Each structure stands twice: as structure tokens, then as C-alpha cells.
Amino acid sequence: RARARPTPAAAMEEGAAMASIDFEALGTIRAAQALHGVRHGDYRRYRRYCARRAARLIKVLGQQQPRKYSKERSGPAGIVGKGQAAHDERQLLVLIAHAERAWAYAMELKADPTAPRSVGRHAASRLRKAVKWASELARVAAAQAPRRAALECEAYSSWLSATQIMEQAASKEAWTAALEKLRRVRAALGEAEPLGDAEAHARCRQFMVEIEPAMKYCEYKGGDASGPEPVLTLPGASLGNDAAAPAASTEAAGSGEPVTLCWRGQEHVVTSGAVHAAAARAQAASEKLAMDSSATDGGGEGGDGGDAKDSVEEGRMGVYDSLLMAYSDAQSATARH
């Protein structure tokens, strides 16, 4: 039976409904990984869970799984057609489940020490498939989801792309490309961080801390960190977040303020774009460290003891890592100019 094509008004209503959904991309991924084996390195269990979840969601949505040997092979276009609107949050969950399934399969193949060399090519193909699903997720979220969800999906897609590039990197250009993807992850999370609640803020901050070692390794292997900071343009991603959109661009607007460095008693104003952005990040990290130190000194000796102290020290070490990475980026950019 032929379906009636949706009218433009209906399409606009679907887009508005999608924009009103509080979609937690990173929260959904991290919760699934923590509950289904990734915490213990059991990628096979997690892969099977993602396969079952995708099948259940597709069945609930009323869509059909394409046959194995049909011309219409399974792919992102079968979930949300190109140029079509996603009418349900569960369609995005299907895309996440497929991307995580492919990623978990690649990690499972890599974790097998007795696997032959041909398994490496299989793992690489699974990573490419994960990148394909994640790219479709970012495309749909950028067009219809709220800005915070779109930024989280963009960060997730860029992270998978960086992982896939690093697995096959054989030249300085490849490491530079991976570093650019990771910097895009950092930029997206930096914009998404002030748009959510305290839990979403902590997730974004944790993700940013986790990618710092990978960024340092890419730079060590030859990645060029002197380029300008990536500018994210997500068409339609600000739907339903007009009031929060200025907050998302606070960091970008603040980067336009002059940054002054004091060296041997003389003040120097930073004018280069890449050096300016790195110096602004370093200055923000330094101010945060100073605030944490003053808050700790004024808080007294009371408290819960070891657990609270460990959490504070762990957060402070993350800020130190960000500070050192910003200084490294500024040094590389200065050498280029």
C-alpha cells in the first residue's frame, strides 16, 4: 500500500517535535557501555547487546531489515533516508546501536592476541562501517535535534573518525588529520558543555580529558597542531535552543578578546589566530586552577576524607593536562609563525 507523502507543514511539525526531544547521545552510549561489558573489556557481549537492541528498535519502529543478499543492503540510508526527516528519537538510537556494534566488533578483533594478520583488515573495515553510521547520526542530529544533542553526536562522529585514522596512520599527514578530528571533538564538547545540566557537563568534561592523551600522541607522531581552531557550523542544530545558543558561543566570543602574556616584565599581546586560541585555553585553565586552589585553601580540613580529596585531585590533574596541551599547541603555532 502506497504511503501518502508528508506535506511541508507536517515535515515542519516533525522537525519541531524532534527538536523538543531531550536526546542524551553521550549519556546513552556511556550507560550502555558501562552495563554491558565494555568496562571489563568484554566487547563481544557489548556487540551482541547492540545487535539485539538495534533489531528490537527496528521492529518497534515498523521498519524491515533488508535481506542479506538483496540489492538494498543494510546501511544508514535504510533508517533515515537521505533528505528525509527523523520522526522518532528511536531512529537515532538505531544509528547509535549500529555504530557501537561495528566499533565493538573492531575492538573485539583487535583484542584477540592469537588472531591472524588478516583480522586487522577486518577490524579496519568494521571501523569504517562505524564511522559511516556515526556520520549519518551526526547529519540527522545536526538537521533536527537540539543543539546540545547535535554537538554531542558531532563529537562522537569525529572521535570515531579520529580512531579510524589513527589505526591506519602511516604518515605525518594522517596523524595531522587525526589530530584535527580530535580538536573538532574538543570544540564540539566545549560548546555542548554549558548547554546541559551538571551530569551532562561532567560527561563532556570527562570525554575531553580522555582524548587529551590521544591528542598528545598524534602531535608526537607528527601531527601539526598549529592550525586554527575548528569552527562548527551545524545547520538547524539550534532549533528549540534560541535562548541557549548565545551561551554555546560564549567561549568562541571570549576567544576574540585580547590575550596578553607577560614575559620578563614585558607584556605582549597575542595576535596570531592559532596562538591566540591556544593562549586563551591556557589562560582559562590557569584561572580555573587558581580558583580551585583558593577554594581548597578556604574550605578547611573538614569533609568526607579520602574519596572527596581523590576526586578533587583527579579533576585538578585533568586541568593540568589541558593546560600543558594548550601550552604545547601555542608552542607549535609559534614555531610555525
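Guide: Let's start with a term: a crossing counts as left-handed when the near helix is turned anticlockwise from the far one by less than a right angle. The model here is predicted, by the way.

Visitor: Which hand does the crossing of α4 and α6 have, left or right?

Guide: The α4 and α6 crossing is left-handed.

Visitor: What makes α4 and α6 roughly parallel to each other?

Guide: Their axes cross at roughly 25° and come within 12 Å. Anything under 35 degrees counts as roughly parallel, so α4 and α6 get that label.

Visitor: Which residues in α4 and α6 meet?

Guide: From α4 you have Ala-99, Glu-100, Trp-103 and Lys-110, and from α6 there are Tyr-156, Trp-159, Leu-160 and Glu-167. By class, that contact has 5 nonpolar residues, 3 charged and no polar ones.

Visitor: Why is α3 called roughly antiparallel to α4?

Guide: Helix α3 (residues 43–61) packs against helix α4 (residues 89–111) at an angle of about 155°, the axes being 8 Å apart. Over 145 degrees is roughly antiparallel, so that's what α3 is to α4. The contact of α3 with α4 splits into 16 nonpolar, 7 charged and 2 polar residues. This crossing, too, is left-handed.

Visitor: What makes Cys-218 count as buried?

Guide: Its relative accessibility is 0%, and buried means under 20%. So Cys-218 is buried. Cys-153, at 1% relative accessible area, falls under the cut-off too and is therefore buried.

Visitor: How many disulfides does the structure hold?

Guide: The count is 0. A disulfide needs a pair of cysteine sulfur atoms within 2.5 Å.

Visitor: Is Arg-183 buried or exposed?

Guide: Arg-183 has a relative accessible area of 2%, so it is buried. You'll find Arg-183 in helix α7.

Visitor: What covers the buried residues of α2?

Guide: The cover includes α3, α4, α6, α7 (172–192) and α8. The buried residues in α2 (residues 25–35) are Ala-25, Leu-26, Gly-27, Ile-29, Ala-32 and Gln-33. Just after α2, Gly-37 has a positive phi of about 110°.

Visitor: How many helices and strands does the chain have?

Guide: There are 12 helices and 2 strands. Following the sequence, the pattern reads α-α-α-α-α-α-α-α-α-α-β-β-α-α. Of the 337 residues in the chain, 42% are buried. Among contacts with a separation of 6 or more, 74% join residues 24 or more positions apart.

Methods: Residues numbered from 1 in each chain as written. Predicted model: local features only at pLDDT ≥ 70, side-chain atom pairs only at ≥ 80, totals over all residues. Heavy atoms only, no water. Buried < 20%, exposed > 50% of the residue type's maximum accessible area, 1.4 Å probe, protein only. Helix = DSSP H or I, 4+ residues; strand = E, 2+ residues; numbered from the N terminus. Contact = heavy atoms within 4.5 Å. Axes fitted to C-alpha atoms, helices over the stretch in contact; angles between N-to-C directions. Parallel < 35°, antiparallel > 145°, perpendicular 65-115°, else oblique. Nonpolar A, V, L, I, M, F, W, Y, C, P; charged D, E, K, R; others polar.
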